[in-house]
Amino acid sequence: MSAPDTLAPALERVLRARQAERLPSVAAAVVRGGEVVWAAAVGTASYEDERDATPETQYRIGSITKTFTGTAVMQLRDAGMLDLDDRLEEHVVGVPAGSPTIRRLLAHLSGFQREPGEMWVSGEAPTIEDVLAAMDTYELVLPAARAHHYSNLAYALLGELVARRSGKPYTQYVDDRMLQPLGLARTTWEPQEPYAQGYLVDEYAGTVQREPHTDLRGVAAMGQLWSTIGDLCTWASFLAGGRDGVLDASTLEEMWFPQVLVNPDRWERGWGLGLELLNREGRIFGGHGGAMPGHLAGVYVHRESGVGAAVLTNSGTRAQPTEFALELATITLEQWPADTERWRPESEPPAEVRMLLGRWWSEGNEFVFTWEKGRLNARAVGAPSWMQPSVFEAVDGGYRVATGRERGERLRVDGDRLIWAGYVFTRTQQPFATDG
């Protein structure tokens, strides 16, 4: 089904309304199923050159770089070069003993102070040698794993971890293992024309001032990259499902698994492994925002549908790119829902599976076992429609849950009953009992 005629005008209206809120320029795009379905830009990329922004204009993406850093770490883990529960000191000489684990660094659970020194005071970023030399002076402002605490320092150190374990500079590693394989030709470490000049918009006068270009040098893993809305849409699709030769879908699933809630009193924002996770009315979006002097950015994707959005602007204030990107994605999801898959008859299940199909009871609750898409499934009766079933795979002597409820647990046939995750399942409702 093609996009509804109302979608592009609705997205365009939102884009123009946002730029009218005193932003020099805004570029935005929506991706669906790996395809950019809408892209536009409005405003001025450079007042000095009197140059308008276009969808091909490059902007600074700041901390979206951290999603590349997280992906690099997971690639190295998959290659057997580290374990996420290793302490950083095991891989980076110069880090004091007792350092946080790699997992906690990725999830902003390390407790490290926010910045590697006072670079935003001095205006000069440290080299990685400066960072390592100053490790004894950096604070653990919270005990590790106590609570979420965003840390650029943690990601500067993860960038050095990537360099040490891969044997090549961090930036070259990202070029070789992500940018080139995914075709992100307009994602670079330094700006390439046409690019947007960053500005500060005066809150009261409505005037603009040029913002300086900040080179993060040896701490590039924190936020050095520049990109376009097109490249970020490609990256969003990758974050939703992985890509053969870059990162498996199963590893991306790990990155999406929540490690911490930012505010335990409001379950709206959390962190996975290198990914920010946002809950908007039950839809979970993953991605990251970015902020550098004169530039704000955001890219987020709804993994289940593959719908995501990228937003870039050359203003250091007012843009709210995260909420803007989520608004664009939500409009698309509501106006252009996923096509309903046509039902087709299943192939005949194996005889040993056929005998398991139907209704079973455990602890007074009813479950239905079915054969779907060539696999055994189980659902609790009355479970919400959004809840995925347990999907089993055959193993020696029985089955094991591959995805869904009780993932990883075994199911075995025991005469006229089933034993699943240590509980008895029978064909009729029976009292809970431990005897045979």
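The model is predicted, with local features requiring pLDDT of at least 70, side-chain atom pairs counted only at pLDDT 80 or more, and totals for chains, interfaces and linings using all residues. Residues are numbered from 1 along each chain as its sequence is written, and side-chain values use heavy atoms, without hydrogens and water.

Helices (H or I, at least four residues) and strands (E, at least two) are DSSP runs numbered from the N terminus. Of the 14 residues of helix α2, 13 are buried, so α2 is largely enclosed by the rest of the structure; buried denotes under 20% relative accessible area, with a 1.4 Å probe and protein chains only. Gly80, which follows α2, has a positive phi near 80 degrees.

Helix α2 (residues 65-78) packs against helix α7 (residues 170-179) at about 80 degrees, with the axes 10 Å apart. Axes are lines fitted to C-alpha atoms, for helices over the stretch in contact, and angles run from 0 to 180 degrees between N-to-C directions. The two helices are therefore roughly perpendicular, a term covering 65 to 115 degrees. Residues in contact (heavy atoms within 4.5 Å) include Phe68 and Leu76 of α2 and Tyr173 and Met178 of α7.

Five bridges join β14 to the antiparallel strand β15 (residues 365-372), where Phe369 stands opposite Gly358.

Technical notes: Parallel < 35°, antiparallel > 145°, perpendicular 65-115°, else oblique. Buried < 20%, exposed > 50% of the residue type's maximum accessible area, 1.4 Å probe, protein only. Pairing = 2+ DSSP bridges.
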